[in-house]
Amino acid sequence: MLGGRILHGGDYNPDQWLDHPEIFEEDVKLMKAAHVNCVSLGIFAWAALEPEEGVYQLDWMDHIITRLEQEGIQVVLATPSGAMPHWLTQKYPEVMQVQADGRRNLPGKRHNFCYTSPVMRQKITEMDRELAKRFGRRSNVILWHISNELGGNFADSVCHCELCQAAFRKWLKKKYGTLDNLNRAWWNYFWSHTYTDWEQIHSPVPNGETTSTALFLDWRRFSTEQMNDFYQLEARTVKEYSDLPATTNFMYFFKGLDYNRMKKGVDIISWDNYPFWHKEKDEVPTAVKAAASHSLMRSLNQAPFLMMESSPSAISWRQHNPLKRPGMHMLSGMQALAHGSDSVQYFQWRKGRGGFEKFHGAVMDHKNGSNTRVFRDVAELGERLEGLGELLSHTVNRPKAAIVFDWENWWALEDTQGPRLDFNYVKTILAHYRTFWEQGIEADLISMDASLEGYHLVTAPLNYLYKDGYAKRVREFTAGGGTFVTTCFSGMVDETDLCFTGHHPLYDVLGIEQEEIDAPSEEFENRFTYEGTVYPAQNLCEIVHAAEDTEVLASYETDFYAGAPVITRHAFGKGRAYYLAAESGLEFLRDFYRKLFVETGLENALKTELPYGVTVTERLGEDGKRVIFVMNFKNEPVRIEGTGSWTDAETKAAYDGTLLLEPFECKVLI
């Protein structure tokens, strides 16, 4: 927790208002009224900071930081690489990206820089160094914000220029050593695609190679590492004159960059949270997505994170953009804290008068000053956060369950040709995560590289690709007493998308042998019975054979593979492993995990059944301190029975056995 308090504020862009100094003084006054204690400065301010090459104008920034310091408002200071000034792109066109079709971008937009370009690296280093020398040791500057939403839209923000091609080939040489090794790993014998010269290798592009799944995998790995190298260059530069930590704002389940690789050098994980509240009457699906995203960010470093951006009202880029209904702003902010955030930050403080995001939600609208519902909502939340800082200090969520979510598996699974062409890895992960959320049982979202120590239950849906060493860690986890769950189409390929031959890599743990995979249309949907209830077997129906010591808990009931196992359980060492050979619906997952939670001793902090739409999280301190968040995502009151005795951390009210929650309410208990 930076500065010992929960950060409340967000992106502030006074560089857009330099010709209106009265606006700044009004902003400072209203920030105090809204209980804002931190702002992010300079994110897209390169043109204002360096209006021409080598000419730095930092006095305006100095004035802003000084004035904020006088008011006790802290600053997250950004490097401005997210958007380049026109003098840079005009004089040095090589800094702009080349698209997959070979065309170099024209100036404009965001995320248009080539992360390999020596000129871009030199110019941003010079800019960052000036910022760090001037502001890196200011008392109210607490954190470096490196660039902005690195990667942007992956399809538009990956550079294919010759500099990047050369860097990619160099990266491949380091990884594989020889072309023979690369050709074997990529199975380039197929369609006579064997490389005989490193210069023959090119990034995957529409008018070139698009059928080599291993090429796609390695290009994405390279792109992540090259982007991280750019991040680390900026972070090293600002730290030459500063001992402040650094972050960069990640995004919700962003496919373009592997955040488990990107986190290298990121001292504090932060991310930008824009749920689609009020997409439908039932808020649970949106709440689950937001909760899973928070859990993912917390899990990256197993530590508190920062919610760097969110909207205090509506956003502007969807087909329809509903306002937050009364109570939702408070609840969505508290949800972030409940899952491990130490901040509630917004994009942005004041709406701009023009440009692409002039109608994106902000604390300050174009009209009416502080006399708006949004401002009052923000001020109310800010006041509440002031009372929670000390309570949450040195606490974080420490789940006993984990769901394996891995970017490399995501890439490989959705690029594979067959048995289906419509895999949706995130949707599958969220379906499993939802069953935990509905029961108020927290789960980390971890990569295949993560340690499994300390978990009671680990589940790995659609775990198609197995990284080196992963099977060994699962084997040790299960043998040591853990419960492992995985599903059909798991353990199919290795790190370069080569199919395993012989057995499943965990055949001894799972106690099954895979044979065939049926991907039937709806008219061929199968079914199975589990614990007396019939469920559909759909989308993927894997035909497996159970070992003699494997329990078959459910079997297919129709088609030529009737009688083949659908759900199996196998003891391994002190633990057990479950295999779900077919995909089914949410109803099955709810019932399956509900039983499994009992078997593994997992329960929510209230130790009771939760009404639909209510969930529970728990932040723990190393000293044993427990802080419980109970959240109601229904727009109607709910009553929870059998909760035991608790004290409201804020009002000091006592609750004994029953808890009443108003619509969209969050209570904090100790």
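In the predicted model, the charged side chains of the protein comprise 69 positive and 93 negative groups. The centres of these two sets lie 4 Å apart. The accessible surface of the protein amounts to about 26,900 Å², and carbon and sulfur atoms account for 49% of that area.

The secondary structure consists of 18 helices and 26 strands. The radius of gyration is 26 Å, close to the 26 Å given by the globule rule for 670 residues, so the protein is as compact as a globular protein of that length. The C-alpha trace spans about 80 × 75 × 45 Å along its principal axes. Of the 670 residues, 60% are buried. Among contacts between residues at least 6 apart in sequence, 72% join residues that are at least 24 apart.

A search of the whole structure for disulfides returned 0. A disulfide is a covalent bond between the sulfur atoms of two cysteines. The cysteine sulfur closest to that of Cys114 belongs to Cys164, at a distance of 3.6 Å. Conversely, the closest cysteine sulfur to that of Cys164 is in Cys114. Because a disulfide requires the two sulfur atoms to be within 2.5 Å, the separation of 3.6 Å is too far for a bond. Both residues are buried: Cys114 has a relative accessible area of 0%, and Cys164 has a relative accessibility of 0%.

Notes. Residues numbered from 1 in each chain as written. Predicted model: local features only at pLDDT ≥ 70, side-chain atom pairs only at ≥ 80, totals over all residues. Heavy atoms only, no water. Helix = DSSP H or I, 4+ residues; strand = E, 2+ residues; numbered from the N terminus. Rg over C-alpha atoms; globule rule 2.2 N^0.38 Å. Buried < 20%, exposed > 50% of the residue type's maximum accessible area, 1.4 Å probe, protein only. Contact = heavy atoms within 4.5 Å. Areas by Shrake-Rupley, 256 points an atom, 1.4 Å probe, with all protein chains shown as cover. Lys, Arg positive; Asp, Glu negative; His and termini not counted. Charge placed at Lys NZ, Arg CZ, Asp CG, Glu CD.
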